[in-house]
Every structure is written in structure tokens, then in C-alpha cells.
Amino acid sequence: MKERELPLLPLRGILVFPYMVIHLDVGRERSMAAIEEAMLGDRIILLASQKETEIDSPNPDDLYEMGTIAEIKQLLKLPGGTMRVLVEGVSRGRVLEFLEQQRYFKVRVEELPEEKKTRTPEIETLIRGMTHQFEEYAKLGKRVPVETLGTLLAVEEPGQLADIVASHLSLKVPDKQTILEAIAVEARLERLTELIMREIEIMELERRIGQRVRKQMDKAQKEYYLREQMKAIQKELGDKDERQAEAEEYKEKVAKAKFPKTVEQKALKEIDRLEKMPPSSAEGTVVRTYLDWLLALPWGKSTKDKIDLKKAEDILNEDHYGLEKIKERILEFLAIRKLTPKMKSPILCLVGPPGVGKTSLAKSIARALDRKFVRMSLGGLRDEAEIRGHRRTYIGALPGRIIQGVRTAGTRNSVFLLDEIDKMTSDFRGDPASALLEVLDPEQNSTFTDHYLEVPFDLSQTLFVLTANTLHTIPRPLLDRMEVITLSGYTEDEKVNIAKRYLVPKQMESHGLKPEVVEMDEEVLLKLVQGYTKESGVRNLERQVANLCRKIAIRWVKKEWEPHTLTNEDLETALGAPRYHFQVAAKAPEIGAVTGLAFTEVGGVVLTVEVTPLPGKGRLTLTGQLGDVMKESAQAAWTFIRAYALELGVEEDFYDRTDLHIHVPEGAIPKDGPSAGVTMATAMASALSKRSVRSDLAMTGEITLRGNVLPIGGVKEKVLAAHRAGIKVVLLPEENRKDLEDVPENVRKVMEFHFMSRIEEVLKLALLPLAHSDEMPGDVSVPMHSDFAQEGIPVTDLGPDDAPVWKS
């Protein structure tokens, strides 16, 4: 064994054995450079196979270590800059080191020449077994000519015989590589015999399958011949067989349907298949169902949009009170549709709490556009096939519910409502949210392909409207394809108007009460909203109106009711005492008690943060079932108070002898979020400096260690809660100034707003002078809103898009 330096030629999908003569086509630059280098020397080159054929520029790790040292016998340069070389394998060679990789591969090789082996009884036995198997392989495969077989088996040297036989087998490169890497003759012969036996088994199986297929083909050809004879006889007699008539009927329908070209070709192909099938064939039923689905879909049918903006606006206002943003968006769509009819339909996602009218709004959109309306509920959907359909190979397969909805609508430009998209789940059957990516992408849905149909259907003209209660459960890629429009909860004024315009007339009609029997004015409806409901929407309000109508209906039938305008006394008589009482502002300023604003799933609420200083060693105690984020906000506020004690008028070393206890009332309600930071910092400053806090003031905002006030969410809901509680002044972060435009104008007019960027500004407005604080009583009680604890509604000061915190 000796070492030498040689250029290396990487081979793709082929392996060269010693004693093997073969032509190789070479086109890669490094490979051609390696050949040119070899031609300048003694024409010797190392041939090594790649592990993966797809790699165009292999690295040393992509090549097998064991290769074949070969001699270049002939070189021919072809047009196009490629080469054809004739090489002959000489011996095995193992790569020890790569010396160069840039221009071409140059390696240090250990040459492994074939040792002369005498034929021992063991080797003789292995040779006989191998030659017997190879003869059987040649007989079955008919790939090795008889003359070549005789020449091969006449080779005396065992190692050379094994290599030549291996070069004539149709094996994969990894299998051939195992033979090349077998240095010992015995191991090489055993591995070769094993591979030949495996190939023989595969060829036997192929032969049996081929015979079976041939028999079936002969039978099918015979049936086809007899069928053609029957057709010829029927043609002479002037008769039409049942299948022919059915096929012609389908072809007529396809011609009238005005299919796209690809769909028409597919339909005609299926009709040809149907024509050749026996009438009672199960496959024939599958094809008929498939053709019926193709014919039932509205490939070119669409309704004409109403482009009358005034009429569309009247319809939207007639069906819904408020919701100006979504109405404006629909009118924008109509206006652009009038200017350019080819515009793709938007994908609208209406997000908001339950009962604010998201589903009914989609129906109003369809009515305003004069389009067909289809609704599909996604709540609990967990199978991808519900969206894309099943392949026709399954028994009872049908298209997905998207295509089914399009068929129900009968037009391809319907308003398609996908309800509760935030409540989809996924399991082993697939992820329906991923399947919806194609449906809800305006760039892709023009070629939506259902698994059942197997042809593209254009959904780009369909106006998809989606509804959700929260956004955090919707996958980000899916959310990215939607235009999100947030519908916040209704204000009390809006609820009263909705009840007066829609709910009361609807329930009175459904309960058989005529308008003259009872009249409900705005004062009574406001009492009903405030005292008997606590929700963002109006579902519970409608239930209470229905309940009230039932009570009046009983008394009217019993002749115990005289027609008159409903009073507050009538309301309490029918529905009982009010169930809910909103917290109101404190009657007088207090030390260590600050009114904060929080956001819940039913809207905004007012919370009081209480702080009491105690003798101790600087510990901070937090109670009121606070979440981790809220605890961290309290800790940040505590650190700020300690760092800026002198500026706040507090003794610098107060924390050496003072503990603070922070409590947020209604301990049964879980609370979390960062926006109570400002409130807690103010309460701490008040308690430590013994300065009272204004009772007509509420605040919200996140605090940093440096005293900066950061923005928060749910501004509209929080301000409305403050307004209900009788708060006159609200402190908000400076960066939330833009959110004030969402607050109703009638609320903005009667309240005073201040925007803060530093905690010092908050304290300046919130804390009263020390002299005034000394006059305040120390035992002023803080009003509680215990109705939340009764209902078990979680409180969080996050924005409306954040996840709610539930009581465990």
C-alpha cells in the first residue's frame, strides 16, 4: 500500500468499480478542472461517488471516503463546454486528506491494490453460490447477454470476479458502495451474494405482478372488443344504450355550463370514463356525483352589486345603531367597486365581545350589497377536510364546507361569513387554520383547489367576513391576511337607543303586544340597562326585555294591566330589585386610596387601590388576587417611591421602619396587567406623605422605574366606566391621546382629561396639599362594587385584544 496525490472527480448517481470501463459525461467546472489536471500528469484520477445526487457543488463531507483509482483512456470535448471521458478502474483508493477544494478537488490517497488470493475451499464455496445466483439473476432480468455472462464467469481471480459482477447489477449507489468498501474478498462475495438474492426476490415479485396485470388486461380487452361489437349492432339497429345516452346528456350540460377551459377538460374526461364503465359499477356512482357537483357550482354566475351608496347606508343604519367604522369601510368598498369593478374583495375580521352584533352585521352587509349570504360556523372545527374536502378515493367523500357554501349561495360573489374563527382547534386530522390560509389570501384564493374537485375555483369575488371575540388564539399568518375591525362594547346611551329602536319593537311583536299596550321611555330603558345587565353587547338586555314583555303579557291577558307608559316601579315589580350597582366616586378625598380604571370582558370598571403604611422593615405586601404582571408593577412603583422619596416629600429612610400593604378590593376577582402602576404609585405616595387624593379623579397607566408613564389599552371602556361612576377628571398616558377620539362626544364634553408622560405630573394633579389633607377624616369608607364578586367576572386592565384572566 502506498500513498499518492491525485485529482478527484465527484460522481453523481453512478459508481465505478476496478476493472470497469465506462464513458462519463462531465459538465461541472471543478470536475473538468480535475480531468485537465490529470491529463497534464499520468492520466490517473480518483473517482468518488456523492452521497446525495441533488448536490451540485459537493463538500468533502458529501463524498464517500472509498473510491476507485482510474486511468483516463480517452477525452472528447463536446459542444456546450462539456466533456466525455472514457475511464478504466484500476484499484480501490481511500481518501486520507483533501489538499485543495477551490479550483478542483485534490486529495492524498491510500492506494489499495487487489491482493492475489488463492481459491480456498471457503472462497470456492462463496464463488459458486454467487455465480449460481448471478446466473439466476441474468435469466430473470434478461439484462446480461449470454456471451457476457460466459466471459464474466471465466475470470479466475475472486476479487476481480466480484467487482465485475457487481458492475453488471442494477443496484443503488449506497449498495454498490458497501461492495466497494469491502476490502476482504470473503466479505465482498458474501455481501454481493446477499444483494443478488434480494434483487432476485424483487424480480420474482415483479414477474408475478406483471402476469396478474396481463391477465386483467386481456380480460379488459376482450370486454372492450365485445362492447364495441354491441355498439356497432345498436348503431345499425338505430338504438342507443343507456350509458351513451347518459354521457350525451352530461356533455350537453357541460356545454351549457360555461366552464373554464381546465374544468371543461376535466369534466369531459370524467364523462369518457363514465361511458366506458358498466352501469352498476360503484366507481360510476362516484363519477356521477362528481359531475353533479361540477355542474352545480356557479363557475360564471354572479349577482350585480347595488352601487347606490345612499341606499346601502340607509340599510346599514336601519339594521344597526352606531358601529360607524365598519359602516364606513363597507361604503368605501362600494365606492371603489363603482370606480373599478375588477377590485378583489377584502377579507374583513370583526373582533369584539359577545352580543355586539358581529354576525347580524354580516347579514346587513349582504343586504346592503344585494348579495347572497352564507354562514359557516368554525367553532370547535378540528378537521382540515372540513375546509378542503376529502379526496374522491374515500367512500362518501364530499367537497369541503367552503365549496358547499358557494353551491348553497348559487353565486361566486356572495357574502361568506366564517363565524367564531378564534375557536378553531387542531389535532391529528390536520390544522384547519392552515387550510384557511389559501381561502383568505386575496393573492391565492382565485385558484382555490378543493381536494374533492381537483380543479381551481375562483373565490376572489367572494366577500369573506370573519368574526372573533379575541385575536390571541388566531394564528399570526392567518391574522396577517385579514383586515381587522374592532367592535368595542356599547355605551349605555347606545344600548338605550338599540333597545328603543330594535329590541323593544321586536320583542313586543314576537309576544303579541301592540304598541298601545305599553310604552317604554328612555329613562326606564336606562334603568333596565344599568340595574339588570352587565355586558358589552345587548344579548342579556334583549332577554330582560323579553322577560319584561312576558310579565306584561300575563297581566294583559288577565286584564290586570291598563295601557300606560312603563315606570321604574313597574320595572322593579316585574323583574325584581336591580341586580347590579356600579361603584360610584368616593364622597370625600382619602389618604392612601386612589381610584383606578380596569378593563374586563364586559367593559370597563372602576377599582380602588388601597395602601396602608405599617411599622416594619420595608416589606411590601400585596393582596387582592393580583397576577404576576400587576405584582411587578407594584414592585416598580415601590422602587420609584424609594428612589424619589425626597422629591415626593417623604423621609428618605422611611423604608427602614415602614412596611406597606397594598390591597385591591374584591379579592375573589383575579386581576392582572401593567396599567395599575400609576394608580399604585400614587396611592403609595399619598399614604407615605399623608396627603389625600382627589375623590373626583381616576387614573390609568403603566409606570417605569424612572417614573415614565407608558400607554395602555381599553381607553374607551375605562373612560365610560369612570363616567358611569361620576368621575369628573381622568388622567391618561400621553401616548393614549389618539385613543380619546373613540370616546363618545357627549362623554368627552362633560369630563376633563389630562395626559401625562411623567409620574410627577400625576401626583401634582392627584394629591391635595398637606393642610387640606389634615382636615380629612381618617376613616372614610371606600365604596365597593361587590356585584363583580357575585358574578365571578375576571378583571384585567389589559386592552380588549389581550387574553382575559379567569378565576381558577
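## Helix and ring exercises

In this predicted model, Thr-131, Phe-134, Glu-135 and Ala-138 of H2 touch Leu-149, Leu-152 and Leu-153 of H3.

**Exercise 1.** Work out how H2 is oriented relative to H3, and sort the residues of their contact into nonpolar, polar and charged.

*Solution.* Start with the axes: helix H2 (residues 121–141) and helix H3 (residues 146–153) come within 11 Å and cross at roughly 170°. Angles over 145 degrees count as roughly antiparallel, so H2 is roughly antiparallel to H3. Now the residues: the contact of H2 with H3 splits into five nonpolar, one polar and one charged.

**Exercise 2.** Classify the ring pair Phe-98 and Phe-105, then the pair Phe-416 and Phe-464.

*Solution.* There are eight aromatic pairs in the structure. For Phe-98 and Phe-105, the centres are 5.6 Å apart with 75° between the planes, and that's edge-to-face. Phe-98 is partly exposed at 23% relative accessible area, while Phe-105 is buried at 1%.

Next, Phe-416 and Phe-464: centres 5.5 Å apart and planes at 35°, so call this pair tilted. This pair joins distant parts of the chain, with Phe-416 in strand S9 (residues 415–419) and Phe-464 in strand S12 (residues 463–468), 48 residues apart. Phe-416 is buried at 1% relative accessible area, and Phe-464 is buried at 0%.

**Exercise 3.** Which rings do Arg-392 and Arg-407 lie over?

*Solution.* Take Arg-392: it's over the face of Tyr-290, 3.9 Å from the ring centre. Then Arg-407: its charged end sits over the ring of Trp-293, 4.3 Å from the centre.

Conventions
Residues numbered from 1 in each chain as written. Predicted model: local features only at pLDDT ≥ 70, side-chain atom pairs only at ≥ 80, totals over all residues. Heavy atoms only, no water. Axes fitted to C-alpha atoms, helices over the stretch in contact; angles between N-to-C directions. Helix = DSSP H or I, 4+ residues; strand = E, 2+ residues; numbered from the N terminus. Parallel < 35°, antiparallel > 145°, perpendicular 65-115°, else oblique. Contact = heavy atoms within 4.5 Å. Nonpolar A, V, L, I, M, F, W, Y, C, P; charged D, E, K, R; others polar. Phe/Tyr/Trp six-rings, centres within 6.5 Å; stacked < 30°, edge-to-face > 60°. Buried < 20%, exposed > 50% of the residue type's maximum accessible area, 1.4 Å probe, protein only. Lys NZ or Arg CZ within 6 Å of the ring centre and 35° of its normal.
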